[in-house]
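Here's a quick tour to read alongside the structure.

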Amino acid sequence: MSQVNRLDGGQIDRAASFKFKFDGKDFFGHPGDTLASALLANGVRLMGRSFKYHRPRGPLTAGSEEPNALVTLRDGARAEPNTRATTAELFHGLTARSQNCWPSVKFDMMAVNDAASDFLAAGFYYKTFMWPAPFWEKVYEPIIRRAAGLGALSMKEDPDEYDKGFRHCDLLIIGAGPSGLMAALSAGRAGKEVILADEDFALGGRLLSERLEIGGASALDWTAQTVAELSSMPNVRLMPRTTIIGAFDHGIYGAVERVSDHLAVPAKGKPRQILWRIYADKTLLCAGATERPIAFENNDRPGIMLASAMRSYVNRWAATPAHRVAIFTSCDDGHRTAADLHAKGVKIAAVIDTRAQAPQSFDYEVLAGAEVSNTKGRLGLTFVEVKLADGSSRTVECSALGMSGGWNPNVHLTCHQRGRPAWDSVLSAFVPGGSLPQGMSVAGAAMGDFTTHGALLSGAKGAADALGIKTADVPMAEDAPPKQAAFWFVEGAKRAWLDQQNDVTVKDVVLAHQEGFRSVEHLKRYTTLGMATDQGKTSNMGGLAIMAELAGKAIPEVGTTIFRPPYTPVAIGALAGRMRGMEFHPTRLTPSHVWAKERGAVFVEVGNWLRAQWFPIAGETHWRQSVDREVAQTRASVGVCDCTTLGKIDVQGADAAHFLNKLYCNPFAKLAVGKVRYGLMLREDGIAMDDGTAARLAEDHFVVTTTTAKAGPVYQHMEFVRQCLMPDADVQLISTTEAWAQYAVAGPNSRALLQKIVDPEFDISNEAFEFMACANITVCGGLRARLFRISFSGEMAFEIAVPSRYGDALMRRLMAAGEEFDVVPYGTEALGVMRIEKGHAAGNELNGTTTANNLGMGRMVSKKKDSIGTVLSERAGLNEEDALKLVGVKPLNRAEKITAGGHLMAAASPVDAAHDQGYVTSAAYSPEVGSMIGLAFIKSGDARMGEKMRLVSPLTKSEVEVEVTSAHFVDPEGGRQRA
Amino acid sequence: MIINHPLLGPRDSSEFVYMGDASLIERPDPEAETAASDFVEYAYLRDNPASWLRELWFHEGGDRSWLVVTRNTVTHEISQVEMARDVARSKGRSK
Amino acid sequence: MRYSGFKVIKEALSGHKGWKPAWREPDPKPHYDVVIIGGGGHGLATAHYLAKVYGQKNIAVIEKGWIGGGNVGRNTTIIRSNYLLDGNEPFYEFSLKLWEGLEQDLNYNAMVSQRGIMNLIHSDAQRDAFVRRGNAMMLNGADAEYLDEAQIRREYPFLKFDDQRFPIKGGLAQRRGGTVRHDAVAWGYARSADSHGVDIIQNCEVTGFRIEGGVCKGVETSRGFIGAGKVGCAVAGNSSRVMAMAGMRLPIESHVLQAFVSEGLKPVLPGVITFGAGHFYVSQSDKGGLVFGGDLDGYNSYAQRGNLPVVEDVCEGGMAIMPMIGRARLLRMWGGIMDMSMDGSPYIDRTHIEGLYFNGGWCYGGFKATPASGYTFAHLLAKDAPHETATAYRLDRFKTGHMIDEKGMGNQPNLH
């Protein structure tokens, strides 16, 4: 039996044994244990090292407020740094390692910091390491950084899955102690939808750790019966292992359910954790209270813990931290711990009570009016020095010391919005106050109701008041009035720890005060008090109290401690859920995606879409070969490109033309039915927002296209204009991007190809269906389709749209029918090359800072009508004489590269920002020109045709001589597209 | 946050896209002599109160209504939700 | 009192008895030559440079709460000068240079750490835009470096390259970028300003301006009237509230930006990393916490707190690019109020009221700007003309059409 500190009883399953490893050594524990309780049962008090001074540490608490007993749980990719041993449920095969120590937790080299602590006082680093200047980054900082952090990441991808879910309820009860259970009973019996969540794996809260009676039976029996009754109610959802991490606006709570953390690995198909968003009509916070430690010299040794934690270990887990224990208390609660330990056969060396009127005991010695003045024991407590009431000193031998300085209500969630807690001078504690989050009320110890009966009563009443139901019958229970006086620190203590993890002592607070860091916020930031992984749950109040004393003020005058979400730290993976890897964003596929895949297309991400970038064929080893071929073949014969991803918006109604006239800066009112027009949309600030086409299929029916990237924003903008600026116009909008598959068929043989699939009753000859025509037609024997004679490539071209479900079939049909013309499918690269050759603007040019004037479309902006953006487009700064103009550039030496993002300098000017003349927006190799070409914005570019300039890109270390040309490299007269 | 949509009932705010002050409904008269400065004020200046604000939300993940939500920028409390179209009419935009 | 390693040792050996308050706690005088409203990073920096560089003697900084309690104490501590536009880049480069000499200037170690910043690139269009930006930086005398995918893999092997929804195609680095211990910036400037005679008056809230005949004569405060030759307002986050007291409407909306820190971890991140296909950027503090953030919540707010959807959005970005952080825990989240301007760039300008000057609209870029903002605002206050690196930050630029719109999102503040 190696569990030397295991007692009788407790809520562990002794029938089963779990083997586990801590720092490479094997131990045994039982189901129901936490890692901390099992280690204590095995006689292990030392579990970690502190952050700054590397002081040896054991658990201070038995819960999630733990600052000390942090371990790295599990191995390999599942290694989980900074896990609290006090909440880690034991499982068979668990492995854990101590952290922040080298070579071992028992002998840690960095403990030299402790000896040097006088030099490492609060804020010391702000005052030194400044000379010589380069030394900070080269010498000092690397040393500091090496010492940073506690546990280490595995550096491997987290292999577990996380889920997210949504739940709704009438009443969310946070905490399943006596008040939470009683509230759930009341609400559950009244038929309300209830969620009862508790961070612990067992429901019952403090009741699990006490020897109390409720309604004449043991509190444990009452708890079990209550949980059983609640489990039987279909309207009550019990959520153990679930932490409510934050109270957000309008009654929305974040909750993390640890589904699999008590298992070696999650069961197949199960997530490790689930992030729930709980929408609660009402919320009752029953989060209990946290015991306060006392600051005295060397109060941080392994074996020194909160008295209530000791009680939990002994009563709930049948594990005592030692067989000889002393208690240091300022209130009656410490005596309860002593009595419980004594009843379990643990030797109580003494109860040291700060009060002169301390209750006496027949079972053990009580030292009234006494204080612990110091402690000894390097790796674990061996004895404490006590200053007695008469001023004399004595030592008390003990291997563990329980501290009890009273209790603080767990007000955290009440502060997550605007709430500031209120000072309760009877309890010397902050209690919930001010404005609570919407729908929240508080009951039990969290409200300062520290008796069991009070907690039961306020839970029942809290539920009743929140929901307008009647309270369930409340059983009788312990009702001793709580007595707690403020006792924060032992006079004269210096190295007395407040924040044990971050090593903030009384001395540091004194120094902060001395240097003027006196507000709570300054104190925290200067000393790092309360900034550790426990967020100051056991330390903030002590620091505040000492600052108040130093400042000669009352605690509430110095400030309040408030809390931000999350209540306890949350795995980042849980907050991300399944949105990672290939599931990070949804993937949008076009209807002919499968066909393109079969053709071996290389795909590229365009927003959430995947588009075919090019279609390599056998023998091609470089993407340029494929792209050049696609361009050449399209320009020579015919090519087909999937342009389904362009935004498509159906605009219908009697005022449709009037509406579009308002939206586009160029005129649309008189566009004839059966015609398409290019349209440029401005934002209200006069900058180009997007371009596209609008096709008038009927008097009251237009089809608008947008760029792929702007489909969403343009639709939103159109709805804004429709609903907010023209509320009574007869116009309706719907996005049909997903409803139609659309293909560009381009090249001199495009008409011939289409004629093979367009049903014969539709004449698409140049005479009947000229450039910029559009029509509803049918193809392939009756399939409805829309045909637009528009060209992005500059060739004779059409875009044909069919209902999405026929997209794949149409593409295959076009390929088959086009065989005789040597049809080529082309991807976004070839599309890009051809549009650059034609000087068409795209996303790189419509970059949100360019105007119609910059784009060379200034004359398109109609002065005869009002449209969005026209007024502000006339501002002087947007119309300066040397405004940027869209032009083309090509290298003087054909072999040289045009770099998109390069800047243009005049031939002989210095190369610097002051002489910057513009920049290249898009670049491509043009098979037609036989060199690379680029589109560029250049100051007064339209007046600089033929000028030789330098294209510089210091970033990519290139400088190329270029000539300014028209942006229209291919067929500038537009003869081909009209053919 | 939860926005109580006049037609669809309470919806999570993540279904919506936010635009800003509902004064954007009150687009100035482009024909006015002061149009140039009116539009600068309209497009760029904001009251930006630390209190109640009427603001435009677009139900992108829903029925695509623009709503005018009256919300407190300090507490995030919402007191009223209207269809922007109705507000636009009430501002005389139906002409 | 000069801080130094020697002084630290001396004090350690004598019980730290000799440390003096870092700044005095004076009562306000009836009149100052310059009153700066706002004891944040920018206000304190302004006071420091006014006193030290521009030789002004009679200066007060008034702060409604405690100094450093606003955005200088609630940001993600990043410094960089990787801007695109000529209106911005010289200013931010000036700022970066001031950061580089800050510790010696202030005699305070704010832990300026030039660990570099890396903007990841995920598409061709993004690459074109970043190349343009990198070139603009270099043409303005800043440093920039383009890395291809192979180089990114070498330097950041822990990023997710395979099964990546938005593959990493390269990155734009600024090696001189990095992080600074943010609180120490406020304290360092405060201590230095104080040592140059500036009165730092905490818990003194401005309740109004005294404006007579179009001239600002001083400020009404919770501690009485304080007369001033000039009043400079540097209260980003609350600019609209304060300037409304002078009857001004500003081209600003207040928005909440959340930020996050993880539990302390042994050092893993070499510098700042920005994901280019999602809302996530991250660095690691000297204490070991991963400090990260993402996008605005999106709605106007003065609440200094945000909501879950953005928390989730940011963590999704983190897990997408760096899935080793899945088991690290988010420790703390907080929100700052951002002065979101109408083109994403700030204002440092006179107002139409004589003697009243304005500094604000910092969006979420205010921290890195702190030294230059202070310096150039001090210049404006001292010389009544803009500093050469801050000529573009005029309040009337929307009227004239000279927007400085880095992102090209137009007059919608929450998109910048």
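Which domains does the domain assignment give for chain A? The answer is domain 1 (18–129), domain 2 (160–291 + 407–483 + 564–584), domain 3 (295–404), domain 4 (497–553), domain 5 (645–736) and domain 6 (882–978), with bounds that come from an automatic or database domain assignment. Keep in mind that this is a predicted model: local features need pLDDT of at least 70, side-chain atom pairs count only at pLDDT 80 or more, and totals for chains, interfaces and linings use all residues. Residues are numbered from 1 along each chain as its sequence is written, while chains are lettered from A and ligands numbered from 1 in the order in which they are written.

**Chain A overall**

- The C-alpha trace of chain A spans about 115 × 70 × 55 Å along its principal axes, and the centres of domain 3 and domain 6 of chain A, taken over C-alpha atoms, are 82 Å apart.
- Chain A has 22 helices and 50 strands; helices (H or I, at least four residues) and strands (E, at least two) are DSSP runs, numbered from the N terminus.
- Among contacts in chain A with a separation of 6 or more, 66% are between residues 24 or more positions apart; a contact here means C-beta atoms, placed from the backbone, within 7 Å.

**Cores and strand pairing**

- The largest nonpolar core holds 369 residues, and those with the most contacts inside it are A:Leu171, A:Ile173, A:Val745, C:Val35 and C:Ile37. Such a core is a set of buried Ala, Val, Leu, Ile, Met, Phe, Trp, Tyr and Cys residues joined through C-beta atoms within 7 Å.
- Leaving aside neighbours within four places in sequence, A:Leu171 touches a list of residues including A:Ala187, A:Val194, A:Ala280, A:Leu284 and A:Leu467.
- Another core, of 100 residues, lies apart from the largest one and has A:Ala85, A:Cys101, A:Val384 and A:Met547 among its members.
- Strand E8 (residues 162–174) of chain A runs parallel to strand E15 (residues 273–285) of chain A, with twelve bridges; strands pair if DSSP finds at least two bridges between them. Look for A:Cys169 opposite A:Ala280 in E15(A).
- E8(A) also runs parallel to strand E9 (residues 194–197) of chain A, over four bridges, and there A:Leu172 has A:Ile195 as its bridge partner.

**A one-sided helix**

- In helix H19 (residues 807–817) of chain A, the buried residues are A:Gly807, A:Leu810, A:Met811 and A:Leu814. They cover an arc of only 100 degrees around the axis, so they sit on the same side of H19(A); the arc is that of the directions from the helix axis to the C-beta atoms.
- An α-helix has 3.6 residues a turn, so residues three or four places apart point the same way.
- The buried residues of H19(A) pack against several elements of chain A, among them helix H14 (593–598), strand E40 (740–746) and strand E43 (797–803).

**Chain C and its partners**

- Where chain C meets chain A, 85 residues of chain C and 93 residues of chain A take part. Helix H5 (124–139) of chain C is among the contributing elements, and H5(C) gives the largest share of the chain C side, ten residues.
- By class, that chain C side has 38 nonpolar, 26 polar and 21 charged residues. Ala, Val, Leu, Ile, Met, Phe, Trp, Tyr, Cys and Pro count as nonpolar, Asp, Glu, Lys and Arg as charged, and the others, Gly among them, as polar.
- Strand E31 (residues 570–571) of chain A pairs antiparallel with E16(C) over two bridges, with A:Val570 opposite C:Leu330.
- The contact between chain C and chain B takes 22 residues from chain C and 18 from chain B.

- A:Asp23 has a positive phi of about 50 degrees although it is not a glycine; A:Asp23 is partly exposed, with 16 other C-beta atoms within 10 Å.

Conventions
Contact = placed C-beta atoms within 7 Å. Buried ≥ 20, exposed ≤ 12 C-beta atoms within 10 Å, placed from the backbone.
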